[in-house]
Amino acid sequence: MASRHFKEGNETDFESDLRENKEAEGGSETDSDASSYSYSDSDYSDDLEPEWLDDVQKNGELFYLELSEGEEEALLAQVSANHSAATNHVRFSEKEAEIITDNGKKQAASSNKSKAKLKKFTKILRRKRRPSQRKAADGKDGGSSQRPTSILKNQAGQRPGVVVQQQRLKDVCVYLNPKRLGSTSPPSPDRGGLLEALLGVVHRPGGNAGKRGEKLIIHGLVPHSPASKCAEILIGDTLVAVDDVEVTSENIERVLSCIPGPTQVRLTLETVCPVGSSPDSRPKPPPPVSQLVRLLWGEDTVELQMSIAHVPHIVMYLSLKLDSESQQEEQEILYQYPVSEASAQLKAVRGIFLTLCDMLENVTGGQIVSSSLWLKQQLVHVGYWKEGSNLLVIAVPASRVPLLYLQTVIEGVVRTLKVMYGSLDSGFCEVENVPRLDHFFCLFFQQLIQPSRLIDSSRPPTPDISGTLFLDGLPAVRWLTLPADIKVEVDTILSDFESSDFGDMSEDFYGMRRLYIILGSCLFYKGYLIANHLPKEDLLDVCLYCQHYCLLPLASEQRVGQLVVWREVFPQRRAQLNPGYCQPHGRHFLLIVGLRHFMQCVLLEAGGCASPALGTPGPDCVYVDQVKATLLQLESLDAAIEERLSAPPTPCLSCADWFLPAGGRDRQDGINSSPILNRLTAAIKPPSPGMIGRSLFGEVGLGSSNLRGRRLSPQRSLSDSGSEGHVDASFTSGLSPHATPDAVRRTPSSGTRRDSLGSGGSDGSLGSAGFFKIPRLKHPNPFYLGSLKKSLTDRETEEMHNVLKLTAGAENTLFHYVLMETVQGIFIAPTHREVNHLSGSIHPQLIHNFYHCCLSIRQAFQQSLPTRDRRGTERPQSTRGLGPVKEHGVLFQCKPENWTDQKKPAPIMTYWVIGRMLLEPVPQEFYVCFHDSVAEVPVEMAFRLSFGLAV
Amino acid sequence: MLQAETLQLLCLTASSGVPLFSRGSTKQLPFSIIGSLNGVHMFGAGHGAQLSSCETDRGSRVVWGVFQESLMLIAVSGSGGSAISELQLRRLLENVWNCMVMILGQDELANIRNVERLKRELRSCYRLIDMLLERVSDDQGFMGDLTQCADCLLSSNSSLLQEALDSFAQAAESEFGCLLVHGRVAQATEKWWSRLTSQEVVVLSILVHSLSGASSCDYPVFLPQGSPTVAIRLLSFQLLPGVHVCILCGPKPSLYKAENELVSRFWSTLVENLRICMEQADRSTLPPSVSLRWDVQALLLINRESRRAVTVCPRVRGGAPAEAVPLLSSGRRLELLRLFYTFAMTRYFTSQETSVSPASPTSEDFSQGFTHVPVQCYLVTDECKCYGLQSPQHQLFLLMDLSVPTFALRTVATQTLSAITAATGF
């Protein structure tokens, strides 16, 4: 009991600390520029407090994530399913639960249910999602993790009046969102109150209604309410506690009204247990739906950690200066994560890392970057990064990160840490950072070692480790090209925001110095960058942060109710010294606000022309609200961007399976059986028999002259004959030869048509600008054949849409591509949706191969680059090796799996994966995968693809 | 500090860490460094973590290898110049071990009774080991140490020589005979290819090459895989300066008999053929009947079944147009070829040969990450274009001029392959 009191004391101390701190900040603010704060206070004090306010940490940082309502449904199922599994793992919440139980008991004993206590409950409820604080308070926790979830469960027997032998207590988690009740006045108690409105539990008070402390027997459930959806709350059960606060008919309304926002609440119910069924016999829950969100919330890290405990991995920050006088054990370990069996083995051999680092510098004059060692028949790569007299060591199994890409991964981590903490030393050596770093590296290793558990597995794109490694390792952000008019609109909205003209909300209005200067912002939609007003290096810094916290996949797969991230950052561009120009000495803050699929990252500067920041300021409500307003404004463009995402891919992609006879023939037969398509194929069948096409695609092999108009294809006569002189030089088979009819669309604009007309000349490349001129016409979704019936007429067949093709030759042979604009720091690749539509058995393998190969190609580019090495010293020029690699290609061969036909040899499909580095006219890296049938010149493909790609 | 462009090879006893020898172009590493290089490995092994290799930002590398749990070999490469790849160092360690076994026998090395005696005995291996160290950056066109395939010479009058060799070996009561011209295998008996492992063939070729000063010799050798504990006689005779014939045989025939009776009987009539063969070898490793395109800078062709390899590095361009740029220096071309081979083999292609010491696992296999089989690859650099091609039977690594269009590389490579195989039956 003593210890509990002690902990409770700690908690309250902490709370008061926090408050004091805030007050202190406020005080200092008032000294320098009093009114700025006071105005925001005055503006917002009477208003509803923002939900995230209580999540702001002591050092001003904030990570607040709330799922939107649509996601709650999913969460609900998960929560109820998960609940029994979670009992042993969520130790932090258990701990809080303990404290509250104590409170609850005391309350019950003294029957002095003061409002203050309930407030505390509110706070604890709110704090549930603060991982680091919880961990910080949990520093010396270790033995307590074995305790059962509910104290009530254990102690129930001691309480008089409750017969535990026959009645069983069960815990049920439900997801409650008081905001859904709307802003109407609280439901009247006679209509069931919050219990009915919020939870959906009907309780009819017994005869003497006013009786104090009546048991809450569940008499009914409201349909579609959280209680009925979770399917574990049964009529006849008794509600004993909410989050371990004992409830009766008297205090239930007050307890429920203290739930501040959408949260998960644990209900303890007393139920009549059929004899013989122990709690353990409950069915095992299905795998959780969204581990990522739980991980971001800081829940469930233990379980995820346990599942990779056998995989050797570790991160250590070691001191190279050994103080021989103090004989403390492990004093050279400044930081270490995780603590598992396999990592203990790596920790035990840290002497190797220290010795190698020291010795190799003496022997060869170079810094160690990597070493490999075998641990129980498993090859483990160790990456090193020396900073000052300290050494960062990260070990990962070779099966996850190939040696040739290890350095890129390490550099990414180091840069992210530098962005977050300024330097490795300041990140690792502060004790208070330890829980944050634990969380950081937990995410890091989870992403590397079991990415599939993080990402929703029900959706098809199972992330593949090579792909993630490659794309995350690129010094660029995934870009989504938008139609010009939408792009302009987005940019205008962003610019409006960046002008800091907040009207009567802005500091100017009150004649004050600004709190922050907005250096720029960038906007993501579903994880794609759609607008960027940041310099490249800043963009990369911001993007690295988002990547490490999985914010980009989060926004793409789940509708984020609200995401607010605030922290001080140390942009790397500003850390470097530029000769001739001195950056103003200011402090920088990163504000990320996400709403639904949109996410905006804003880089703010304090100091310089804005007022200097003192202490550790938390997020400013005005700025957060302004970003939110911007996002709400952008939401009107949601549909247009969605339309772009669901548009057929430009350039067209083919599926690998279509090139293998077996799969292809079946598909074709299936399609030909459709009468509409028969008519269509007849209509568009090329009149020229001389057309070169594979027999496989003969009837629909509709290729045409390529974009550059190098040659006139016989198909031109087709369109010529249809509509007079309508030369659609870039008409090709759409998504695939088979999907051609689907892609029927109008020729977008006269502009491109003119370009196409002129494509006979040498300026034909103009036409490629049309790659990203996506028409904003309604068109049939190319992936649904059903819509064809309505939309397809003979006339329209001839007005084929300008679907563009990257590859030369008759067929579209392009499988996949990645184009990186080095200067702008962006890359384009087929969207996830485009890739998903090309399902098949071979194609996913091909994509995996493509990315795996890209790792190798990019490493070849990197090692030959005459770059300065990472420690800023010029590499000796004599390092020639293979010399600078400009282009590198690999030809792959694949056979269909389980080929049963004994008579014929299995058909073979071959395809190229080629990487090309261009330095002129703009530095680019281009990776492409296409079928072997046509010899391609990657430079030209890159040129075609990049033309018209403007930020 | 280790000088740039150097390579040091250390040998210690695995259990006690006593240094046995240290070879390399520059002066020996300080004892403390040798001690800690060995120490880190031993420390790790004690904790169940076996250190395999490490690398610095300037391309220096250290590779550890423990053989038969008795000897530890450590290769340390200096930075600068062209970084020596891990594959190359790993193969170096294997070759050095094979050489040591070949000369001293496995028993001697696996069960160390007297360290001082072993140290003295190992001196007899220095010559071979130094040769292996030189070959890491050799400009003679030897690639066998890296490819672990015997460097071959394709001569035009092969059938005649083959016949002579077969009957010579038969007369010497041996199934293993081999004719070497300037260290390259010109002809060998069928058993030489089929019964000896490729690593044995490589080290035997190196051994015979290192003995080239003697007109004849009778040398007891152990075969690292075939007969690691029982010595076999290696008889080697100089037919012409630079041309040697060698056989592996039992107690008979005596060196005297073989030299005086058999050599003259079988080879004296062929002196002229051998001279032609030698002159041709001075020009090219390919017979004159094979005409390569003028824009081929260098090539390495490996027969994957018999584990033979031909390296071609033309001295002059034949039939090149006037405006053609001059060839790169042959040293650079061979270096590029070696680098490209390493590049392709570590990432895409596979070699089937088994490691000498299955207990000491080799490095990570990047190519295992592929679900489909890489069959060809190319690189375009500032100096040349490289094309690699793998078929079930052959591997071809080709360096071409920059003037060859990239899309034509594939055709050129397949044509070159078929031209050579058709003309020589390689």
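**View 1. Polar contacts link chain A and chain B****.** Between these two chains, 28 residue pairs are in polar contact, both residues at pLDDT 80 or more. A polar contact here is a pair of N or O atoms within 3.5 Å; within protein, one must be able to donate a hydrogen and the other to accept it, and residues adjacent in sequence count only if both atoms are side-chain atoms. On chain A, the elements giving two or more residues to the side that touches chain B include helix H13 (350–364), strand E11 (368–375) and helix H32 (842–864). H32(A) brings the largest share of that side, 13 residues. Helices (H or I, at least four residues) and strands (E, at least two) are DSSP runs, numbered from the N terminus.

This is a predicted model, with local features needing pLDDT of at least 70 and side-chain atom pairs counting only at pLDDT 80 or more, while totals for chains, interfaces and linings use all residues. Residues are numbered from 1 along each chain as its sequence is written, chains are lettered from A and ligands numbered from 1 in the order in which they are written, and side-chain values use heavy atoms, with hydrogens and water left out.

**View 2. A salt bridge joins Arg410(B) and Asp932(A)****.** The closest N and O atoms of this pair sit 2.4 Å apart. The rule finds one salt bridge across the interface of chain A and chain B, taking a side-chain nitrogen of Lys or Arg within 4 Å of a carboxyl oxygen of Asp or Glu.

**View 3. Chain A meets chain B****.** Here 71 residues of chain A are in contact with 62 residues of chain B, where contact means heavy atoms within 4.5 Å. Together the two chains bury about 5500 Å², and carbon and sulfur atoms give 61% of that. Buried area is the accessible area (1.4 Å probe) that two parts lose on being put together, summed over both. In chain A, Val363(A), Trp374(A) and Leu882(A) lose the most area to chain B, together 14% of what that side buries.

**View 4. Asn303(B) sits in strand E12 of chain B****.** That strand covers residues 296–303. Asn303(B) is buried, with a relative accessible area of 5%; the cut-off for buried is under 20% (1.4 Å probe, protein chains only). A polar atom of the Asn303(B) side chain lies 2.9 Å from the backbone nitrogen of Glu305(B). Leaving aside residues up to four places away in sequence, Asn303(B) touches Arg308(B), Gln393(B), His394(B) and Phe426(B).

Note on methods
Buried means under 20% relative accessible area, exposed over 50%, partly exposed in between (1.4 Å probe, protein chains only).
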